[in-house]
Amino acid sequence: MKNNHNNGKAKKFGMVIDLDKCTGCGSCMVACMSENNVPFKADETDKRLSITWMLVYKLNNGKSHPDYDECYLPRPCMQCEGDHGHSPCVSVCPAVATDYSHETGIVSQIYTRCFGCRYCMAACPYHARYFNWWDPAWPADMEKYLSPNVSPRMRGIVEKCGFCFHRYQLAMDKAYYEGRDELEEGEYQTSCTQACPAGAIVFGDLNNPKHAVHKIALPDSKHGGRPKNPNAFRLLERLGTNPKVYYLSSRKWVRDSGDNYRPDEK
Amino acid sequence: MKIDRRSFLALSIGSTAGIHLTPLPWKLMDDMSIWTQNWPWTPVPQDGAASYVNSVCGLCTAGCGIRVRKIENRAVKIEGLPGHPVNDGRICSLGLSGLQLLYGGTRVKTPLKRIGERGAGQWQKISWKQVIDEISKKLSEQRKSGNPQTLGAICNSDRGTTSHLLNRFLTVYGSPNFLRTPSVQSSYEIATTIMNGSSGTVGFDLENSDYILSFGSGLLDGWVSPVRMIRAHSIWKDKKARVVQIEPRLSHTAAKADQWIAIKPGTNAALALGIAHVIIKEKLYDKNFVEKYGFGFEEWKDEKGQTHKGFKQSVLENYTPANVAEITGIDVAAIISVAKDFAKSAKPVALCGSGDGGAPVNLNEMMAVHALNALKGAINNKGGLQIVPNPDYILWPESEMDKTASKGIQTERVDGAGGKKYAQARSLLNRLPEVINASSESPLQTLLVYNANPIYTMADSVAVKEAFSKIPLIVSFSPYMDETASYSDYILPNHTYLERYEDSATPYGSVQQLISLARPVVDPLFNTKQTGDVIISLAKAMGGHIAKAFPWKNYRACLEKTLGDKWKTLAEHGYIVAKKDKAPDTASAKFDFAAQAVNTDSKNDAVAPADFKPADLDGDVTAFPLVLIPYDTMRLASGFVGTPPFVIKTVGDYILKENDSCVDINPQTAAKLGLTEGNKVILTTPKNKASVRVHLSEGILPGLIALPRGLGHSAYDKFLAGKGVNFNALYAPMTDPVSGLDMTWGVRAKISKA
Amino acid sequence: MSASDDKLQEGATDSAINAVSRNHEKNEQADNAGGIVILFFIIGLAASMIVGWIVFPKLLYSQKDQPISFSHAIHNLEVEDGCESCHFFREDGTFSGVPKLEQCIDCHEEVQGESADEAYFVEEYVNKGREVPWLIYSRQPDCVFFSHAAHVKKGEMECNTCHGPIEDSDNLKPYQENRLTGVSRDIWGYNIGGFKKNIWDRMKMDDCAECHKKSLGVKDACFVCHK
């Protein structure tokens, strides 16, 4: 296991998304696209071909009216830690284009390293990875709004959410410049967290008991980060992917949708 | 020495060996891998110094504060402005995509003059000087004919200096025909005028409410002030306020509500009165408020001494839960329990105006719901509706009028607003096509269109286009090539909201009195001009008293002068919150349950709040057995701004699939019609037909079909044009007999397999 | 292939009588031919070595001159804060890199001294408000993220550790651009073999990694330096 060299403790950046507050407005999706130079094309209705690092799913309880109910669930990359960094995608990448950072707990994706075999896409149980089937194009003057902090991708490679890691780097630059090594909780926030009109997304260091994410999710480090908050759950918990995105819901059917259960279970 | 085959082999072996003793292969391999990682056509964004510009979003009327990140002179990201009273750092998907509009391919880059047929897309570039010259000449000529009232303007707001300049231009020209795009606020304005006797606008203090009874208001679907509403929703969750959503389809608002009451569409007023019945019967209303401020709750006498039934008696007699249950399709028990919950809450509020609030509500429903607030004293109280005085910072000297102007301004408005029939209405844009199409010569000879896209947003697109084709001169100020701009004669492109100075006053629905200042985030990209400047130039070109009414050098000078000592603060902070210690509007501290203002016909209390009249939908029930209702989503803009590519990308494939709109149908209804998920069908209404796909949803009542608003554009670029169906093309408006506003909530329809 | 192979082949086709003498002749020829083969081998080897070590770099890199001449040495004498006087950190902790005209104007609003280059600079750039299109020797491809703050502020490294003793240079060397990648030659280094004498001779990923390994003792996550 690798150590960190950042003086302080290793971070484990994670997210708690309150599904009671999420209204499915889609701001997080667009906040992500506009922050990360995500391309777009004329027809985006084939969702298998549509690149959305952050995707809001619409769940329902499968019942008929009047018991029918819906819930919206935003899904970024889960930044799975697996067992000590053995994330599903990292372990299958033949090019070391994707890697688990023990210093921050974020799964990186290096576009120039990727050669597009898509093993990682097959391995990801959350469909959080996207393939560039086409070269991106920004018509008219739209290239002007591209952010220099994120490299535009090319055709033939895989891309995904990286918890706006460039924002961490910018925040660290500022901290170093001011003679600090550590960030305040609010200094590094992802674009979706910042935009969410509902304030449903909370982002921070799961290792830091003072951070809201830790206080809300109460991750149990002895059991692969399983949440101790009874309303909190993670997607496909039983796969052992040890994701860093926690969800909150007061509705049981929503919590149950997070995993696959046999009818006779529980 | 003989050079043979072997020598060549030796040479090539030597070369091969030699080349491997040089760095060439390794270096080339390295370079080639770098080359393949950096195709020249993949853009490399230029780095540089980052900076932020604070401004105001101009994509809807909510007026959220924005903070735009720039790298050198490029704008690269729009974020919410922290601390802003409307959105406090948060932002919606439309606001986030503003840069796609700024830098996108739908901009009008220079003034254009039509050379082909209207709408054929043939334009000639024209200089600003010449275009001002040509239009001012035409206007002068038109004015000389003695009918200055034939000049009209359409605008999305009557607030802010640009709208005021436009309105002032019309006034000195001699026309009263300043037409505002209608919305739910138009209905609220009329209701407060009638029942509170106040001309102020309604603010919603929802953050402080503890029980929100929403009659179809899409609080989480873009209603009035989308980001603020979603923020309020989170506050409700934290403090366990209760939200009850009454509508026939499970919108996002209904899905997030504590209770969803699936009501028969068009019967909201009956339910409101049923709830009032229970509250009155159980004596759960706020006696103090009703006695102190209320009029017409009990029996009352008019000026002639004639006695009228009070609101109380009418409601008790006609709207028993049993009656209401039959009209609305809701259980008696549910009606009673909602009424009791509402009445027993400390700070309840009742809201109406469906979807994103872009459409008005029929007056009966509005008054019935407003009466519920009065019963609980939720007017001008914490957590309720607040009647906010209109912004008053634009104080220009009265303009000098000549004879033509004084005469023209006295003529009745073309839409009849403020006239005998629709006395309370300020503007009735919805009536314009009907009025124009009914006359042989259009009563409007010239139409100026600012911040509006009527050809797309108005009901019955065919009739609207017919009406517009009868107007000889249409001038659009749109920065984008939208439907109306493409159908105009001249386009005088405005800067986008990210390139111009512009003030905006208290946003609709806001409790706080705000003034915000939009500032240029980037220098104008193209040969465009602030519409304020264009109006000032037009006025100056026309000379005489018209020029005199516009004494400012340019728009910027006008803005600075108008804002006076506020300018400095606004330029620094971007917004000002007016002091809250201003005494509430005393005129609005009353409530007329009898709505005397509209009950001039004293024999029958025709439009009393205590009244529900089922609306007769257009079309025959046997031919059109289904009812089509529109719905709004945060992921589609249905107003004067087209949905940008990023936002279209977020639209689910159950709303838009390839180029087809999907309609929600209950599986029961679909089974009866033999339809399954994804079927392509023809949707027919008495007005029009369209090809759509079927989406089965348990979240809609049987017998209904629902179509999303905001699709079906013919203008803009390939990212929006030609996608889906425009609901506005499928129905003819129903005019409310009292308010004059469009009160359509649905239209009869049928579905047949394609 | 060898002479004995030939013997077998040819022997099989020729008559037995002539076989011996022919074989003898053939051997002589083979010795001779062997010399030629070696010669050709050496020619090939030498030529390709010349191509690889001398011609190839010349072909690979195009050479451009900087738009105006510039002396770091003179400037370094004039300024107070050393490198950071012009190559400063912005308040947000990012690094400004090559100065913009705006900073030059602080001193060069008027022509300083009597150099013709200076006069040209003021006339062409300062007066016209045009940015100088400097060619940047240390510019990395877009996929590289480099934090000056982490190295200079946190790591307390000196500028010339990576950039060399640039502060003493009197002029700007010609800029050599890799025709394939568009990257400056300074990244790979002037030694086409990739050998370096000083840390600042090369700026490839291996060179970064070498130092990171040495001073930090870890292999970093990829996205510490890549985007």
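In helix H7 of chain B, the residues B:Ser187, B:Ile190, B:Ala191 and B:Met195 meet B:Leu363, B:Met366, B:Met367 and B:His370 of helix H15 of chain B, where two residues are in contact if their C-beta atoms, placed from the backbone, lie within 7 Å. The structure is a predicted model, in which local features need pLDDT of at least 70 and side-chain atom pairs count only at pLDDT 80 or more, while totals for chains, interfaces and linings use all residues. Residues are numbered from 1 along each chain as its sequence is written, and chains are lettered from A and ligands numbered from 1 in the order in which they are written. Helices (H or I, at least four residues) and strands (E, at least two) are DSSP runs, numbered from the N terminus.

**Helix pairs in chain B**

- By class, the contact of H7(B) with H15(B) has six nonpolar, two polar and no charged residues; here Ala, Val, Leu, Ile, Met, Phe, Trp, Tyr, Cys and Pro count as nonpolar, Asp, Glu, Lys and Arg as charged, and the others, Gly among them, as polar.
- H7 (residues 184-195) and H15 (residues 363-375) of chain B pack at an angle of about 60°, and their axes are 10 Å apart, the axes being lines fitted to C-alpha atoms, for helices over the stretch in contact, with angles that run from 0 to 180 degrees between N-to-C directions.
- That angle makes H7(B) oblique to H15(B), since angles under 35 degrees count as roughly parallel, over 145 as roughly antiparallel, 65 to 115 as roughly perpendicular and the rest as oblique.
- The crossing of H7(B) and H15(B) is right-handed, a term used if the near helix is turned clockwise from the far one by less than a right angle, whereas anticlockwise gives a left-handed crossing.

**A sheet in chain B**

- Three strands of chain B form an open sheet in the order E1-E2-E3, with antiparallel pairing; two strands pair if DSSP finds at least two bridges between them.
- Strand E1 (50-56) and E3 of chain B stand at the edges with a single partner strand each, so one side of each is left without a neighbour in the sheet.
- Strand E2 (residues 65-71) of chain B is joined to E3(B) by six bridges, and B:Val68 has B:Ile78 in E3(B) as its bridge partner.

**Chain A and its neighbours**

- Chain A has six helices and 12 strands, and its radius of gyration (taken over C-alpha atoms) is 18 Å, close to the 18 Å that the globule rule (2.2 Å times the number of residues to the power 0.38) gives for 266 residues, so chain A is as compact as a globular protein of that length.
- Between chains B and A, 57 residues of chain B are in contact with 49 residues of chain A, and the side of chain B that touches chain A divides into 26 nonpolar, 16 polar and 15 charged residues.
- Between chains A and C, 22 residues of chain A are in contact with 20 residues of chain C, and helix H3 (residues 165-177) of chain A gives the most to the side of chain A that touches chain C, with eight residues.
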